[in-house]
Every structure is written in structure tokens, then in C-alpha cells.
Amino acid sequence: MRLGLLVDLQRCIGCDTCTLACKQENGTPKDFFFARVLNMETGEFPQVKRSYLPVLCNHCADAPCIRACPNKAIFKRPDGIVLIDQERCNGTGACVSACPYGNIYLKEEEQWYFPDDSPHEHYAKSRLENGKAKKCTYCAHRLDQGLEPACVVSCPADARIFGDFDNPNSKVSQHLLMQKEQTQREPFLLLEELGTDPSTRYLKPLSQMHSGGRGNEE
Amino acid sequence: MIWALIATLLTVGISLYLILTLLATLGGLTSFPFSIPLGTSINLGQWAKPELVDLGASIIGTIVLILLFLFFRRWIRYSALSVNWKYIRSLGWRRIAKDTWTALFQDSLLLSSVQKRSKKRWFVHGLVLYGFIFMLLATTLAAFFNYSNAPHGFWWPPRIIGNLGGLSSLIGLSIMGWRLVRDPYEDNGKTYVADIAFVFLLFLTILTGFATEFIMYGLNATLAYGSFLLHMLLVSGLFLALPYTRFNHVLLTPFLLILTRLNQTLVEENNVPGILDEPAPGRHYKTERLAVDCQKQIFPKNEESTVTLRYYP
């Protein structure tokens, strides 16, 4: 079993709903964003392109953070999800530098936005401990209840597809198959050359495949 | 379970025997059962010619250095040091040296983060770490002051340092071995075999070291030589396997902690334009690398174009 997330960049509109849904679901401290969207510009006027890249923990098959943690606080579940045990974490900070994607957060003194928690924040914060390393869990607590990750459910463009990459009948495998047949798109990985084998994969925007992008038109 | 039990029994046995031997020697007892005269030891120099030891150490050392180079090349790529360096350099050498020293001394050698959370865990780790440092110190001192491997008595200072270090590590490793077997959380799904390999290898190395140490006191010269050879092979194996066993954390953790500290300082000193606070030290340059990689993937024809990060949370 290999749970993972497929992001269809053709569908992503860069609205940051995933970012907010994640913050609400996980009650993360100020400046902590487990799911974020990079807003990028490529080229120079008049040949400029705007693109969005949603990034989150990649739950790598060969996760450097697991190897780097001297306290054995990071582990991989049988379904492929990489988690940081908040009780075992000592806040050493080795995983922060080990993660090639910059998706592990650690701050000695964490702050929240408001002095008083809302009831939901109070509930969500109980999963996190002050001064410990934190990252996206693919909403493991939701998956254990048979629900999908908050960012997936909230995406208004259905750009995020979650499921088991090893199961050919899963939603994500079916989507990949359909895209391969209809649009000839194959998923790509971020920083593939590092060999970490991420579980978060991406499908290129269609416009770039067929016309080389509108910005390339003479 | 059985291995952990044997390990603990052996450690306790060796410790008790050492204490009793020392007490017997100090008390002037000569009829102590299984007692070994702690006078001058066998001269291993006739077998372990210093020139041959030097040659072997040089060959093994070179191989270890090559393996370490390959190991660190991978981690330098993971941590994006090549992209990070232009930011780190802006801190100036004084600040870099200060942060490096803090990461090496306070965070790594004194294990400040472990000490804050669990004194017990810190103590057990300290037994192994400081014991290992004592053994390294003893070997270095012996190499300088006893190049020809001349026989020395039990009370020769480098020997005392080495034995104390060995004993300390042996006790710590026994507790660690026990925990590796008993604590289900120790299996993180990735490094468990490497952890066991390191504890087992170091344990055997120290054990054969002690065996050599005692056999050398005139019991059996051939046996002493065999034990010494086995000890040397295990020491070589320990270092040759360094990149593949948990032993690698003695170099990897300090390296990563230096980077984490430097990146924290970068943001604290406002050396990264547009970023006032950064809860994931180093995220800014790693995000830059992601943006460039993404551009290569989705705009392969525009690989040379500049990519600008307009905004990210």
C-alpha cells in the first residue's frame, strides 16, 4: 500500500484554499503552513507566465528526515505515511536541514494568532506539542476515520486527488490512467534526481504540453 | 531478547570482575580466583609491527574517507547547501564560526536537546558517547607515546582511560541494545537494521578489546594475538560500515545542526530579503530550488528563463 497525493497542475488555480483548510484542520501555529502554494513567475515581460505549485510533505519512500532524526521520532507507517511522534521529538532540528523540500517546521517558542483558542483550535492543537518538529501528516487522523485529507476535500478545483498508488482501482490510479489515455500526461516528481521517491506527484498543465504555453506564442 | 540479556549479563560480569580485580590488587591479594597479574603485559609488537599497522590503517582510512565523501555528497544535495551557501556567506566568518561552535559543542557534544527532555536518556547516551571519546583519546595517546607497542602495565594512563571508556560504552550499549529490542518505537521502518548493526558491532569491538586487554597479561600469547587481530578487524569494520550503520549520526547530526543554526541566524539577522520570521529554517532557499525544478518540468523549453517567487505562505 502506498498512499499518496496527485496534484493536477492543470486544475490548480492557486487560490490557497488548501493552505487555509490545512491550517484550520491542524490548528498550526503562526507562520506554520503544512500545505502551501508557490506563486511563481517565469520569464520576462512580455514573455511571462504565471504558475502555481502546491507543496507539502512528500512522504518520501526513502525519507531523509527518518534517517536524520537522532531520536527515532520520525517513522513510516505501513501505508507509506511519514509521521513525527510529538512525544519522542526532542526538537533537535536535524530533520529540518535534512528535508530537501523545506517542509518540516520547528520553532522553540511557537505563537498562535489569537490569545484564546476556538474550541476547534483547542481540539486540533492537542495533536501538536510546543517546540517539536511538525509537518504535514496527510491528515492521518482523518484517514484513520475513513476521511480524505482536509486539503483534498476543500480544493474547489478538484486539483488534489488522494489514494493508494499501488491499487490500480483507487481514485488516484484511475485518474492517472485516464490522463495517460486522454492527455498523454505522466506524473512528475519534485527533485527526482535526489532519489527520495516522493509520494506527492504532479501532472503538468495541459497548455504547456501542446503549445509550449501561451507566453511562447509569437 | 536473548541477545540483550547476554549483553547485559556480560557487561555486568565484566564490570564486577574488573572491580574485584582492582580491589584485590589494591588489597594485596594474590590468591583471587581467575585473577590476572596486572603487571607488564605481553608485547604484541612482535606481531603487530607498527609499520604494518600504519599501512593497514592508511588503506582502511582512505577507503573510509572515500565512503564518507560519497555519503556527505548525498546529504549536501539533500540540504541544498550549494544554494544555501550564498546566504550563509553573508553572515561573515565570525558568525559562521560562532554558530558552528555552538552546534558542535552545545548541541552535539553536550546533547542539549536530549538533556532538556530526558536526563535518563541523556545519561545513557553519554555513557556511550563519552566512553567512545575516551577510547579514541586512549588510542591516540598510545599511538603518540607508545609507537612501538611496547608492553605496559595495567596502570599506564592511556590504558586506564581506554578501559574506563570501554566499560562506560559497554554499559551504555547494553541498555541501548535492550531498548532496541524492547521498545517497538525504535523500529522506524527505515533504519532499524542499521541501528542494530551499529550497537552490535561496537559492542563486539569493545568486548574483543577487553578480551585482548586481559589475555595480554601473560595468559596465552597466541590467544592474545588472535584476540587482538579480531579486535582490529572489528574496529576496521566499524569504520568501514560507518556510512551504512547508525554510527553515521556522529557526523551527520552535527552537520545538519550546523546548517539549522546558520539558517536560524540568517532569518534572525534579517539577511534573507522579504522574510521576517521563518519557522522552517532554510525553507526560503529550498523553496527557490523547488521553483527552479518545477519550471524545468513544466516549461522545458524555457529552462534558461528566470523564475521569480512572487508569493508563498
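Guide: Happy to, and please keep in mind that this is a predicted model. Let's start at C95(A): setting aside its neighbours within four places in sequence, C95(A) is in contact with C65(A), A68(A), C69(A), I74(A), I104(A) and A133(A). Several of those names come back when we step out to the nonpolar core. The largest nonpolar core has 79 residues, and the members that touch the most others are C65(A), I74(A), C95(A) and I104(A). Chain B takes part as well: helix 10 of chain B, residues 249-268, gives the most to this core, with 9 residues. There is also a second, separate core of 23 residues, with V128(B), L170(B), I175(B) and L180(B) among them.

From here, let's follow the link between the two chains. In total, 47 residues of chain B are in contact with 55 residues of chain A. On the side of chain B that touches chain A, the elements giving two or more residues are helix 2 (50-78), helix 5 (112-117), helix 10, helix 11 (283-298) and strand 1 (307-311) of chain B. Helix 11 of chain B supplies the largest share of that side, 10 residues. Sorted by class, the side of chain B that touches chain A holds 21 nonpolar, 16 polar and 10 charged residues.

Conventions: Residues numbered from 1 in each chain as written. Chains lettered and ligands numbered in written order. Predicted model: local features only at pLDDT ≥ 70, side-chain atom pairs only at ≥ 80, totals over all residues. Core = buried A, V, L, I, M, F, W, Y, C linked by C-beta atoms within 7 Å. Buried ≥ 20, exposed ≤ 12 C-beta atoms within 10 Å, placed from the backbone. Helix = DSSP H or I, 4+ residues; strand = E, 2+ residues; numbered from the N terminus. Contact = placed C-beta atoms within 7 Å. Nonpolar A, V, L, I, M, F, W, Y, C, P; charged D, E, K, R; others polar.
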